[in-house]
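Dear colleague,

Please find the structure below, together with its sequence. My notes on selected parts follow after it.

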Amino acid sequence: MKVRYFPGCTLKTKAKDLDRYARLCAEELGVTLEEIENWQCCGGVFTTATDEIATKLSSVRALMDARDHDAPLVTVCSACHNVIKQTNHAMQNDADFAKHVNLYLGKDGQYYGEAKAIHYLELLRDVIGFDTIRGKVKNPLAGKKIAAYYGCLLLRPSQTMQMDDPENPTVMEDLIRALGGEPVVYAQRNECCGGYAVLEDAAIAKKNSGKVMTDAASHGADMIVTACPLCRYNLEKNGTGEIPVVYLTELLAEALGVKEDAHDAQ
Amino acid sequence: MQRIGVFVCWCGTNIAGTVDVKRVADALRNEPGVVFSAEYQYMCSQAGQDMIKNAIREHNLTGFVVCSCSPRMHEATFRKTAEAAGLNPYMVEIANIREQCSWVHKDMEIGTEKAIVLGRTAIAKVNLNAPLTPGESPVTKRALVIGGGIAGIQTALDIADAGFPVDIVETKPTIGGKMAQIDKTFPTLDCAACILTPKMVDAAQNDKIRILSYSEVTDVRGFVGNFSVTIKRKARYVNEEICTGCGLCTEKCPQKKVPNEFNLGMDTRRAIYIPFAQAIPKVATIDADYCTMLKTGKCGVCAKVCTAGAIDYTQKDLIMEEKYGAIVAATGFNPISMEPFDEFAYSQSKDVITSLELERLMNAAGPTSGQFVRPSDGKHPHKIVFVQCVGSRCAGASKGKEYCSKICCMYTAKHAMLIRDKYPDTEVYVFYIDVRTPGKNFDEFYRRAVEEYGVHYIKGMVGKVTPTGDTLRVQASDLLANKQILIDADLVVLAAAIEPDKSARPLATMLTASMDTNDFFTEAHPKLRPVESPTAGVFLSGACQGPKDIPETVSQASAAAAKVIGLLVKDKLVCNACVASSDEAMCNGCSTCERVCPYGAITYADKEFRMPDRTTRIRRVAQVNQAVCQGCGACTVACPSGAMDLRGFSNKQIMAEVDAVCK
């Protein structure tokens, strides 16, 4: 099957691995991620100012593309995912917002939230299925204690994201189990890494990322896995350095046995 | 031709504020049948009622319309007025121009127009009204109390005291409910068991009270004064009559690993068990989910050790059918699940507990024999953090409840105080949104916790609990100091919101009693009839109606009992006069009405009819038992031939109303 794919800026620059393995793994699991044409930056954050339209148009155009191709719109980056899902939700539920957006779109067409935006994890869980993935694992992650790190943007606001329980999520733990690894549950897994606050005051990111990493390490984790480039940046740059941080798709690629091929191809 | 009077009520400014009552009275004076029309400040007052009576006599009225509040408020009042003036009470109609008009409109013009339409509609109906006479039905002088907690026990004791027999149906093996699990009660700090268990014994020894423990209500039929209730007595595999409650079987049973629900799973019990020492009835029960004998047929230890020979592995569920005049719902509450609130790490750490779990931890008969220790390592905790409002007052109710659970502020103050009193080496913190302590001697109690016992009350909520090594790192905000705080606690106690017991919703369906969006039973009137359900003969006791502490629960339990006694002393009840009846000439005996009747009021009879050609024929026709019919009207809508009609709400009357609205 084919889905529409919105990689986002970071996946083309700092987080190339996140992007490359996402495509390779999806292909291995029988899904082609078709990158939409002429996509633009999602804006990075969903502004809560209701009269802020322009920064949300990129998301709307991406969603329109998915609708026109009659396929879901998949994102990997937590931030892109958050912006696009929140924008779609606003287009579906806020008539005033939708009206203004459509005035901007003009001759490009009109959009009322008909497309479905999903995160790569939802593609794995709801479309492909963890049981199918379990069957395709070539290198089980046996003996590896892996701490899933959700951060804040992946799950919240939970009524809009509609993905998992924001206080007691299980989707990444279930995936780790399907890949043969042992998930480590720790309290800080859904706390903020510091996010963009790192630009203003690195101490905030240090405090937050430090707490996350220490909590994961003290629960015996060998590594932290995340879907978000900014989370990874903060954890690596501002964490305590106790354990490595890898992308979710890297881990998946390793288990599915497509990681080496990727290196060869380079 | 009717001679109709119209009386428009101002209700002070309630109606007159948005409805021009004079214009309404004037407009309605010209409606067909109307011979008198007037307005007055308070129609329900003595003077207002006298005005109606005088008009009936002076103008020879055959019926009248009162344009006032909802018929639920004063229909009965004005029917009595009619009766006092010699008029049939069913010749009165109410046009609701308050709740359905003046209160929902702001514009005088719109309000007045609508009030005229509503008045016209009622007049159209009165034109077709006919005098009705209600029947009578007998009263079964016995009450059923569903739920054997403190609410159910108190209600049953009071009803029995007045001389009426009562059955208590309790799903658990013992009565006692939540109060039996509580250690001490606020604000007096007396031991809960010491005041509860004597009442349990009283109930057991009262010859008017029958306790049906380990039983469930599975079906309710009938109506006020004449309920027919099916009760399932679940098999406990122990003969209740023979078991002496010696407890030997509960010591010898080899299946030791059953989570003990009485201690909220903090310790284990055997597969055959007596929930706690003072259980009533004090008989053992076998938990079929865990009993090796029942599951595999191999064991039988309890039967071997039982000297009384009370064990019976072949026992089956027993279904019994009983008659009652009144039913009291006393199904109580439960703390909500802490699952959606994992920011407090309840599922991650044994040392994050709920307040009810703390009650058991502090109780001498609890899992730690009253030693206040951490569940994880048995060590004495030094820093204890209480979090109030967990799941209560959740705006938008994305998770948790929108309401205040009412009891948590007081029991948290109690816990904090007891801990500080017994263990002065502890630091106790309480995080709160607001401290709400209305109630006799309640605020004094809370002040004592703060001032005498040095409990740290911090306004603000806990955002995150992170289990870190031996401690629980509590991250919270202090709203008054406007700063973030971190506390490394040894124990975190969550004041979980309370919700109605899960059995309440299906029970409400059986009783046709209404519930609110939170599954609390709705009272007939929030102020004037707080212990009655809107369904006649069904009464409400305790927390099934809303969050309540023990003093309030007991008050309401006694109030419900008083209402039940008031019903049971009557020999006969006046039935509803507005019942269905079938036109036999039109009925074709199709049974549609019988199938839709929720009360089982419709039966069929073969009747002989004379045909136009002078022959006779036997035809099957519907007959309504007027003592059973509640006048819901379902049959009149379902009847394909239009034979079924509702007295007082006939098809003709309703069509006339519709026509009047559309005129």
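Which residue in β27(B) is the bridge partner of Val352(B)? The partner is Val492(B). Before the details, please note that this is a predicted model, in which local features need pLDDT of at least 70, side-chain atom pairs count only at pLDDT 80 or more, and totals for chains, interfaces and linings use all residues. Residues are numbered from 1 along each chain as its sequence is written, while chains are lettered from A and ligands numbered from 1 in the order in which they are written.

Strand β27 of chain B

β27 covers residues 491–496 of chain B, and six of its six residues are buried (20 or more other C-beta atoms within 10 Å of the residue's own; exposed means 12 or fewer, partly exposed in between, with C-beta atoms placed from the backbone). Leu491(B), Val493(B) and Ala495(B) point one way, whereas Val492(B), Leu494(B) and Ala496(B) point the other way. Strand β20 (residues 352–354) of chain B pairs with β27(B) in the parallel sense over three bridges; two strands pair if DSSP finds at least two bridges between them. Strand β21 (residues 383–390) of chain B is also parallel to β27(B), over five bridges, and Val385(B) stands opposite Val492(B). Helices (H or I, at least four residues) and strands (E, at least two) are DSSP runs, numbered from the N terminus.

An open sheet in chain B

Three strands form an open sheet in the order β24-β25-β26 (chain B), with antiparallel pairing. β24 (462–468) and β26 (483–489) of chain B are at the edges with a single partner strand each, so one side of each has no neighbour in the sheet. From one strand to the next the twist averages 20°. Seven bridges link β25 (residues 471–478) of chain B to β26(B), and Gln475(B) has Leu486(B) as its bridge partner there.

Helix packing in chain B

The axes of α2 (residues 21–28) and α6 (residues 108–126) of chain B come within 9 Å and cross at roughly 35°. Axes are lines fitted to C-alpha atoms, for helices over the stretch in contact, and angles run from 0 to 180 degrees between N-to-C directions. The crossing is right-handed, that is, the near helix is turned clockwise from the far one by less than a right angle, anticlockwise being left-handed. The residues of α2(B) that meet α6(B) are Arg23(B), Val24(B), Ala27(B) and Leu28(B); contact requires C-beta atoms, placed from the backbone, within 7 Å.

Buried in α2(B) are Val21(B), Val24(B), Ala25(B), Ala27(B) and Leu28(B). They cover an arc of only 165° around the axis, so they lie on the same side of α2(B); the arc is that of the directions from the helix axis to the C-beta atoms. Their cover includes β1 (4–9), α1 (13–16), β2 (34–40), β3 (63–68) and α6 of chain B.

Helices α13 (residues 408–422) and α14 (residues 442–451) of chain B pack at about 35°, with axes 9 Å apart, in a left-handed crossing.

Chain A

Met223(A) is in strand β7 (residues 223–226) of chain A and counts as partly exposed because it has 19 C-beta neighbours inside 10 Å. Beyond neighbours within four places in sequence, Met223(A) is in contact with Ile146(A), Ile243(A), Pro244(A) and Val246(A).

With kind regards

How values were computed:
Contact = placed C-beta atoms within 7 Å.
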